[in-house]
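Biologist: I would like to learn how to read a helix and a core in a model like this one. Please take me through it.

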Amino acid sequence: MIRNFAEVMTIARERGPKIVSVACAEDVEVLMAVNEAKKEGIADAILVGNQEKIAAIAAEKNIDLNQFEVIDIKDMTAASRKAVELVSSGKAHMVMKGLVDTSIILKAVLDGEIGLRTGNVLSHVSVFDVNGYDRLFFVSDAAMNIAPDLQAKKQITENVVQVAHALDIEEPKVAVICAKEKANPKMPDTMDAAALQEMNEKGELKGCLVGGPFALDNAVSVEAAKIKGIDHPVAGYADILLAPDIEAGNVLYKSMVYFAGAKNAGIIIGAKAPIVLTSRADSEESKLYSIALGVLCAAKLF
């Protein structure tokens, strides 16, 4: 069981290096992260984008471009399609978003000819290393699915469980997060939470232990769970925090980063290969950890 990002990096070295194709690679933090991933021995890269701008950034940041293959495509849509095609053709193991809108790269990912679609729901998985806790936390979905229904939540759960398995967590504990701990027909998300727990109990949702509904406090705090009289194996021990919608997920994501100072990584799962997708505001370190997370997920797929 991988418990922090130091261990993520160590295991990524063992299971890598993998090849990441970067769409529109003319991005300072992305190039620095890719260069660091190369130094760390976890990933190599194919840089797709405006070669002139890539070279200018590399010169400014003392990055040796001779260690990477660079494909000069100035148009963002064409560069995104090429980066995705490198993965679908087997020349790379994962694709990473550079200086391009998320919608453009996702359109390439979902393309019927060169894309990576599987028919499954695509969802974003954030992983957090929070000071004071003995484990990593997985949050989904903070970036992709706006208001998922019950079936979409089931697939989002299956996706995030797949990421947890890639980090050697054999039976991750999933807490379906709501505002209250009791199912209430007036609060539809609590009913979905109870239904997901029931699916898990019936064997319809496998490879994990699901509990819900949980409020955030009794999902991560044993003491809070005891005070409220909640007796469930997930109570206080959650690995995965399943958000009811994108609003709650995004607020939780940014609270972890800005209030808790948590280290973080982000990836999109549900396609044929991992998609490394981080926020423009994320640090170089976060982007490096996201590449490492992609390496571990790719190691399970390839």
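Modeller: Start at the N-terminal end of helix H3, which Asn50 caps: one of its side-chain oxygens lies 3.1 Å from the backbone nitrogen of Glu52. This is a predicted model, where local features need pLDDT of at least 70 and side-chain atom pairs pLDDT 80 or more, while totals for chains, interfaces and linings use all residues. Residues are numbered from 1 along each chain as its sequence is written, and side-chain values use heavy atoms, without hydrogens and water.

Biologist: Which residues of helix H3 are buried?

Modeller: An α-helix has 3.6 residues a turn, so residues three or four places apart point the same way. In H3 (residues 51-60), Ile54, Ile57 and Ala58 are buried (under 20% relative accessible area, 1.4 Å probe, protein chains only; exposed is over 50%). These residues lie on the same side of H3 because they cover an arc of only 100° around the axis. The face turned away from that side carries exposed Glu52, Ala59 and Glu60.

Biologist: What do the buried residues of H3 pack against?

Modeller: They pack against helix H2 (28-40), strand S2 (43-49) and strand S3 (69-72).

Biologist: How many residues does the largest nonpolar core have?

Modeller: In soluble globular proteins, nonpolar side chains tend to be buried together. Here the largest nonpolar core has 62 residues, counting buried Ala, Val, Leu, Ile, Met, Phe, Trp, Tyr and Cys joined through side-chain atoms within 4.5 Å. Helix H11 (residues 284-301) gives the most to this core, eight residues.

Terms used. Helix = DSSP H or I, 4+ residues; strand = E, 2+ residues; numbered from the N terminus. Arc of directions from axis to C-beta. Contact = heavy atoms within 4.5 Å. Polar contact = N/O pair within 3.5 Å; in protein donor to acceptor, adjacent residues only side chain to side chain.
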